[in-house]
Amino acid sequence: MSDLTTSNLKTYYPYINGKSWESDNQPEQIVLNPYNQSAIARVKLATAADIDAAIAVAHEAQKAWGKTLAKEREAILCRAADIIERRRSDIAKILIEEGGNVFGKAMFECDYMISTFRIAAGQARDVRGETMPADAPGRISMSFRQPLGVIAGVGPFNAPLLLNGKKLAPALAAGNAFLLKPAPQTPLIGLLFAEILEEAGVPPGVFNVLPTTNEALGDKFFSDKRVKMVTFTGSAKVGQYLSELAGKFQKRIVLELGGKSPIVVLQDADLEYAVRAAAFGIFFNQGQVCMANSRIVVEAPLYDRFCTAFAEKVRGIRTGDPTDVSTIVGPLINPRQCEFIRGQIDDALSKGAKLLTGGDYQGNVFQPSVLTDVTPTMNVYNEETFGPLVSIYKARDYEHAVELANDTSYGLSSGIVTNDLQKAFDFALRIEAGSVHINDNSFDDDPNAPFGGFKDSGYGKENGRYSVHDMTELKWVTLQLGERAFPI
């Protein structure tokens with residue numbers, strides 16, 4: 001890329017202590033539009049010294065922030081929600097240009113984030129302990145929740161507003177300071193949070209943004225004792241590495257990792273509805289969604305009709321330019337992901353699978369693709385695809401459908417489409433997943449509901465009071481009325 005094409009780009013810097021942070025030897029990144037590969041910004045990246053500085057200022061700033069009245073934090077978070085609402089079009093533009101989001105998905109993130117900050121504002125007044133019966137006479141026994149201190153968040157590229165914000169908002173509500181390391185592909189949304197929170201009234205140092213492409217620098221969050229917790233959304237492979245670091249340094253951690261989520265379609269389901277539900281659940285955001293239903297399990301009597309109808313539906317999905325509001329499937333984040341998906345398809349076809357539709361890509365736009373006859377010997381059976389590729393499996397009966405749905409190392413989300421309430425609730429109890437959606441697909445997230453997975457999909461819960469629970473320390477306190485009788 002020539003200097004001519006990047007000379008007029010706006011330059012962004014890490015955000016530390018309430019200002020753009022310029023320091024010596026900061027590397028530079030050119031942020032590219034994933035659809036047309038045009039350069040959209042120049043970002044100076046945080047160095048190891050910058051991260052040290054950010055931890056230091058966050059540690060000091062949190063001491064005062066943690067003592068602010070709940071109503072003060074509530075007011076700031078409410079203002080942040082109002083700013084996001086006012087700037088929806090600006091934010092959506094960045095999501096489209098930087099992340100390749102289609103218009104509808106960008107609007108979804110904005111609306112979700114407005115709710116997230118308003119819910120967090122309410123949580124500021126709801127950080128509470130309890131009283132409990134004591135076993136000693138004259139004793140009042142109670143508990144308090146207090147801020148952890150400094151929390152670090154490591155975010156993904158696929159939903160940078162939503163998945164960074166759902167970590168950030170409750171952390172601030174509970175009185176913590178926050179360090180955000182946005183995904184290397186999408187640093188601009190992370191830096192936009194700095195603008196929003198500064199305008200809302202968050203004091204300098206309480207929130208800091210550390211863009212970097214050097215993943216090793218994030219290890220500092222674990223080794224530094226001033227950082228009390230790390231919350232991460234990303235791949236299972238990276239999550240395993242971070243979990244090992246957390247164990248080594250005895251650091252609290254929340255992991256929201258990948259998925260291979262199923263939607264089960266029983267023979268009594270309405271065919272047209274099941275097709276629409278399953279298609280939305282996999283092709284929203286190009287399938288770059290951890291809870292996408294990349295596995296469709298269909299009971300045998302409906303299987304052939306479902307495959308035919310689903311393939312026809314998929315062939316009609318509009319792909320291409322994410323700035324076109326009619327586009328449903330836009331670009332993947334980079335060419336490597338296209339190559340990875342094509343590799344999964346080729347591997348499956350070489351081992352006997354059938355491709356009902358799709359399989360090709362142009363630029364970073366991968367055509368929505370559907371496989372059948374997939375077996376455990378194929379890479380796509382176990383590997384997370386993170387793209388617009390889905391496999392359809394035939395279940396002999398309901399029991400076999402549950403078996404197939406659970407036959408994965410992941411356990412993030414799930415869905416079932418049926419009119420049989422007995423089987424629906426039986427499935428809800430037996431599926432090994434953190435979320436179950438009856439008569440819906442696996443793609444769902446509510447900013448006031450517990451979100452998190454089982455097995456290789458991570459541990460810990462996010463959203464609202466569930467995040468606040470992990471982001472506070474629970475302290476036991478007693479008060480002795482009068483003198484206690486001691487045995488010595």
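This is a predicted model: local features need pLDDT of at least 70, side-chain atom pairs count only at pLDDT 80 or more; totals for chains, interfaces and linings use all residues.

Colleague: Okay, cores. Which residues touch the most other members of the largest nonpolar core?

Modeller: That core has 51 residues, and the ones touching the most other members are Ile91, Phe117, Leu172, Phe193 and Phe207.

Colleague: And which elements give two or more residues to this core?

Modeller: Helices H2, H3, H4, H5, H6 and H7, plus strands E9 and E10. The largest share comes from H5, with nine residues.

Colleague: What is phenylalanine 117 in contact with, leaving aside neighbours within four places in sequence?

Modeller: Its contacts are Leu77, Ala80, Ala81, Ile84, Leu168, Ala169, Phe193 and Leu197. As a general point, nonpolar side chains in soluble globular proteins tend to be buried together.

Colleague: What other core lies apart from that one?

Modeller: A core of 33 residues, and Val289, Leu302, Phe310 and Phe443 are among them.

Colleague: Switching topic: how many cavities of 30 Å³ or more turn up in the whole structure?

Modeller: The search finds six. The largest cavity has a volume of about 150 Å³.

Colleague: What lines the largest cavity?

Modeller: There are 18 lining residues, and Ala159, Leu162, Val289, Met291 and Phe443 lie nearest the centre. Helices H5 and H6 each supply at least two residues of the lining.

Colleague: How does the lining split by class?

Modeller: It has 10 nonpolar, three polar and five charged residues.

Colleague: Now the sheets. In what order do the seven strands of the open sheet come?

Modeller: The order is E15-E18-E19-E14-E13-E21-E22, with mixed pairing. E15 and E22 stand at the edges with a single partner strand each, so one side of each is left without a neighbour in the sheet.

Colleague: In which sense do E18 and E19 pair, parallel or antiparallel?

Modeller: Parallel, over four bridges. For example, valine 370 has valine 390 in E19 as its bridge partner.

Colleague: And what's the order in the open sheet of three strands?

Modeller: That one goes E6-E7-E25, and the pairing is antiparallel. The edge strands E6 and E25 each pair on one side only.

Colleague: How many bridges join E7 to E25?

Modeller: Nine, with the two strands running antiparallel. Serine 143, for instance, has tryptophan 476 in E25 as its bridge partner.

Definitions and conventions
Residues are numbered from 1 along each chain as its sequence is written. Side-chain values use heavy atoms; hydrogens and water are left out. A nonpolar core is a set of buried Ala, Val, Leu, Ile, Met, Phe, Trp, Tyr and Cys residues joined through side-chain atoms within 4.5 Å. Buried means under 20% relative accessible area, exposed over 50%, partly exposed in between (1.4 Å probe, protein chains only). Contact means heavy atoms within 4.5 Å. On a 1 Å grid over the protein atoms alone, a cavity is a set of points where a 1.4 Å probe fits but cannot get out, and a pocket is an open set with protein on both sides within 12 Å along at least five of seven lines; lining residues have an atom within 4 Å of a point. Grid points are joined across faces, edges and corners, and a volume is the space filled by probe spheres set on the points. Ala, Val, Leu, Ile, Met, Phe, Trp, Tyr, Cys and Pro count as nonpolar, Asp, Glu, Lys and Arg as charged, and the others, Gly among them, as polar. Two strands pair if DSSP finds at least two bridges between them.
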